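Let's take a walk through this structure together.

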Amino acid sequence: MEALPTLKQLRHLVALADSGHFGNAAKACFVTQSTLSASLKELETVLGAPLVDRTKRRVAFTPLGEATVERSRRLLREAEELTLTAQATRKPLTGTVRLGVIPTIGPFLLPRILPALREAWPQLKLYLREEQTDPLLAQLQTGRLDAVLLALPYAAGNVEVAPLFADRFSLALRRDHRLARQKQVTPAAIAAETLLLLQDGHCLRDHALSACRIGDKPHADAFEATSLHTLVQMVDNGLGVTLLPQLALDAGILKGTELITRPIAVEAPSRDIALVWRKGTARRQEFQLLAREIQGLAKS
């Protein structure tokens, strides 16, 4: 029978691709550098072709090596899912789930749900990664993440979606602002103000403008922020007004400021929070259960 690559060899190859350095890859795999190097040599022997060009300055992969890395990622992911699916059959939500979450959800939702989730499912090991939507979805498709908490609408690609809840936007402004006297504020009135927003790349910016029926304003670009907490501080210092999701308001983001909120005079000014995972994953039922758990905890 013809020799086949082992999962250990594939894991070593992927680690080298991720780190770009033999020493760092060995540390990531908890082996010595010589062991990792020998493992990769054995893999090349099995495949009958070089995968890595070894030089003193850098690690470079051959075309076959690059293709093998991507195929190895898929094989390792499928092998991991095989084990986790078997675990979930015995008892759901046990083992590891690598969960991505965007910055405008994570700090406000996770503190509410994680303690109860740990109590209900003590054998569930959640590893969290916070980043913007596009990088998280890329990591989801390559198998580095198992599921992602994000906001819709968004072109998420080949994923399955479990909607969780709607997250309403409100206008945040200083209590001495002229619009503070209104019971609700129209999009036209908001557009006439200096509207402070998150910088491009944060999907909340587009969601807020779209949901509240407000066109983007070029003159506000100089006041873009990288986080909702920074936006709040800028508004508190009289630089303008902003749009905040209910998740952040419920988490107390306005505490210690002179800010108040006013509803926006449009129907359903909100974004939709959802859990997504790769289509075709063997862990589909487990992620559906996780979505129901998050949904219930978020409403409690």
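Helices H1 and H2 have axes that come within 8 Å and cross at roughly 130°. Axes here are lines fitted to C-alpha atoms, for helices over the stretch in contact, with angles running from 0 to 180 degrees between N-to-C directions. The helices (H or I, at least four residues) and strands (E, at least two) are DSSP runs numbered from the N terminus. H1 and H2 are therefore oblique to each other; angles under 35 degrees count as roughly parallel, over 145 as roughly antiparallel, 65 to 115 as roughly perpendicular and the rest as oblique. Their crossing is right-handed, a term used if the near helix is turned clockwise from the far one by less than a right angle, with anticlockwise giving left-handed. On the H1 side, Arg 11, His 12, Ala 15, Leu 16 and Ser 19 make the contact, and on the H2 side Phe 22, Asn 24, Ala 25 and Cys 29. Contact means heavy atoms within 4.5 Å.

A word on where this comes from: the model is predicted, so local features need pLDDT of at least 70 and side-chain atom pairs count only at pLDDT 80 or more, while totals for chains, interfaces and linings use all residues. Residues are numbered from 1 along each chain as its sequence is written, and side-chain values use heavy atoms, leaving out hydrogens and water.

Now bring in helix H3 (residues 33–47), whose axis comes within 9 Å of that of H1 (residues 7–19), crossing at roughly 115°. That makes H1 roughly perpendicular to H3, and the crossing is left-handed. Lys 8, Gln 9, Leu 10, His 12, Leu 13 and Leu 16 of H1 touch Leu 36, Ser 39, Leu 40, Glu 42 and Leu 43 of H3.

H3 also packs against H2, at an angle of about 95° with the axes 8 Å apart. H2 is thus roughly perpendicular to H3. Here Phe 22, Gly 23, Ala 25, Ala 26 and Cys 29 in H2 meet Gln 33, Leu 36, Ser 37 and Leu 40 in H3.

The table sorts the contact residues by class.

| H1 with H3 | six residues | three residues | two residues |

Which residues lie nearest the centre of the largest pocket? They are Val 14, Asp 18, Arg 98, Gly 143 and Arg 144, out of 20 lining residues. A pocket is an open set of points on a 1 Å grid over the protein atoms alone, where a 1.4 Å probe fits, with protein on both sides within 12 Å along at least five of seven lines; lining residues have an atom within 4 Å of a point. The lining divides into nine nonpolar, three polar and eight charged residues.

Last come the backbone spots. Most residues other than glycine have a negative phi, and most peptide bonds are trans. The bond from Leu 152 to Pro 153 is cis, with omega near 5°. Arg 213 has a positive phi of about 60° although it is not a glycine, and Ala 268 has a positive phi near 50°.

Methods
Nonpolar A, V, L, I, M, F, W, Y, C, P; charged D, E, K, R; others polar.
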